[in-house]
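Subject: Handover of a structure, with notes

Dear colleague,

Please find below the structure I am passing on to you. My notes come after it, and I would be glad if you read them with the model open beside you.

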Amino acid sequence: MISVQNPLQLLSGNNIFFVAVLFGILSGCSPKTIPPPIRHPDKPGELPKQEQPKIIDLQPRINSIALILPFNLNNVNPEQATIKDISKSDLAIDFYQGLKLAFDSLKKRGYHFRLGVFDGQSNENQIANLSRNTTVTDNDLIIGPVFPDEIRTFSNLAKLKNKLQVSPLAASAPLQFNNPLLVTVNNTIDQHGWKVAYYIAKNYSAANSNIILINTRSSDSEKFAGPVKTYLSSLSANTLKITEVTNSVGIESFLSKTRNNIVIVAPEEQSFVMPTINRLFKLSAGNKFKIDVFGHPNWSKINIDVEQLQQLNTRITSSYTIDYNDERIRKFVTRYHSEFKTDPSEYSFKGFDIGYYFGGLLGEFGPDYITKMTKSYEGLHNDFKFSYDAASGFQNTEIKFLEYRAYELKIVK
């Protein structure tokens with residue numbers, strides 16, 4: 001069964017916002033009585049003996065989950081709300097709707113859930129209040145909050161009693177939260193740097209490779225460039241040497257006409273990336289230079305000339321990707337549109353994958369689900385494979401490697 005409480009409503013004030021979400025009645029929950037068997041007499045003339053009825057409790061186990069998202073309902077006046085006001089809650093609403101479809105799917109496996117929805121309000125004081133509320137912390141699993149400062153506040157104050165807290169969206173290094181019960185779903189930039197270094201070390205030889213790293217030395221550029229340098233040196237036993245430059249102006253003087261030129265472009269800003277790619281594209285024209293480009297994982301979110309990226313054999317890493325040619329994706333989009341009259345966003349897919357993975361663990365293993373976090377998962381949007389560290393908790397190690405083929409980003413197998 002599932003408990004039925006009030007649906008999500010607009011609330012205000014300084015109260016702790018708790019809204020239990022109705023997912024439907026999964027099954028009846030009253031105990032059923034099985035009529036006792038009639039014993040036949042052992043001897044002629046002996047009356048049969050009636051056994052006491054056996055009571056078999058068929059009530060299913062209910063798995064409880066708390067969801068903390070920034071709905072920001074305290075800032076919405078239902079009588080005067082504009083589309084702009086409501087759009088501030090898009091992330092939370094889309095994630096919740098994807099999560100709901102995941103739990104609806106798990107009903108078919110006989111799993112039962114009670115979901116409590118809490119408005120984090122993008123407010124650390126609200127998160128502190130929620131972290132002390134047993135209505136939140138006594139659940140089997142907590143999903144959220146989503147922003148680093150709020151994750152830290154909740155981790156420091158909540159007494160979870162061996163129940164996991166899932167960080168569903170932040171890509172922050174989990175070590176900073178010092179929470180052994182934290183689950184970090186999104187990969188850190190350090191992991192992306194390792195993935196690029198591993199690919200290069202595995203697929204290119206020192207004798208035939210000329211590696212150039214474009215690093216503007218800005219904070220964001222250095223966050224990606226630093227791990228690439230460190231891991232590439234380690235993985236290649238320092239045989240793959242890197243030439244580091246701050247931009248692509250005059251880069252032809254560093255390129256080789258006889259070896260593969262591996263150009264790693266660390267910045268993510270479109271204003272820097274577009275002219276850099278354009279210059280490299282012109283240098284590769286007519287096979288003057290053979291150039292393979294490796295870019296920042298956020299390149300998938302900016303507008304760059306796909307023809308140029310493909311010509312440069314561009315590859316990037318990503319925590320997620322959506323292949324709309326996949327039959328599972330098409331079915332999910334159709335189902336989501338039918339249920340909510342809109343198309344799913346990135347956060348809808350994230351909500352579904354997180355709900356399906358963790359809901360499946362809870363449904364199958366109950367309170368022991370923490371010991372089963374070694375199970376891998378191939379999702380619609382994310383793949384999960386978690387490693388554990390006593391200082392930082394569980395961290396997803398699955399990263400997709402993508403390349404431009406047929407003018408689309410395709411997974412490198």
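Predicted model: local features only at pLDDT ≥ 70, side-chain atom pairs only at ≥ 80, totals over all residues.

Residues are numbered from 1 along each chain as its sequence is written, and side-chain values use heavy atoms, with hydrogens and water left out.

The protein has 11 helices and 19 strands (DSSP runs numbered from the N terminus, with H or I of at least four residues for helices and E of at least two for strands). It has 413 residues, of which 47% count as buried (under 20% relative accessible area, where exposed is over 50% and partly exposed lies in between, with a 1.4 Å probe and protein chains only). Among contacts (heavy atoms within 4.5 Å) with a separation of 6 or more, 68% join residues 24 or more positions apart.

A pocket here is an open set of points on a 1 Å grid over the protein atoms alone, where a 1.4 Å probe fits, with protein on both sides within 12 Å along at least five of seven lines, and lining residues have an atom within 4 Å of a point; a volume is the space filled by probe spheres set on the points, which are joined across faces, edges and corners. Of its 38 lining residues, Thr321, Ile322, Asp323, Leu402 and Ile411 are the closest to the centre. Strand E18 (400-405) is among the elements that supply at least two residues of this lining, and E18 gives the most, with 5 residues. The lining divides into 17 nonpolar, 7 polar and 14 charged residues (Ala, Val, Leu, Ile, Met, Phe, Trp, Tyr, Cys and Pro count as nonpolar, Asp, Glu, Lys and Arg as charged, and the others, Gly among them, as polar).

The second largest pocket has a volume of about 680 Å³, and nearest its centre, among 36 lining residues, lie Ala171, Asn187, Ile189, His192 and Asn298. This lining holds 14 nonpolar, 14 polar and 8 charged residues. Helix H6 (189-203) is one of the elements that supply at least two residues to it. The end C-alpha atoms of H6 are 21 Å apart, which agrees with the 21 Å that its 15 residues should span at 1.5 Å a residue (the expected span being 1.5 Å times one less than the number of residues). Buried residues in H6 include His192, Val196 and Ile200.

A few single residues also deserve a look. Ser131, in helix H3 (residues 124-131), counts as buried because its relative accessibility is 2%, and, leaving aside neighbours within four places in sequence, Ser131 is in contact with Thr137, Phe154, Leu157, Ala158 and Lys159.

Most residues other than glycine have a negative phi, and most peptide bonds are trans. The peptide bond from Gly144 to Pro145, however, is cis, with omega near -5 degrees, and Pro145 sits in the loop between strand E6 (141-143) and helix H5 (148-157). Asn162 has a positive phi, near 65 degrees, and at 61% relative accessibility Asn162 counts as exposed. Asn238 also has a positive phi, of about 65 degrees, and is partly exposed, with a relative accessible area of 41%.

With best wishes
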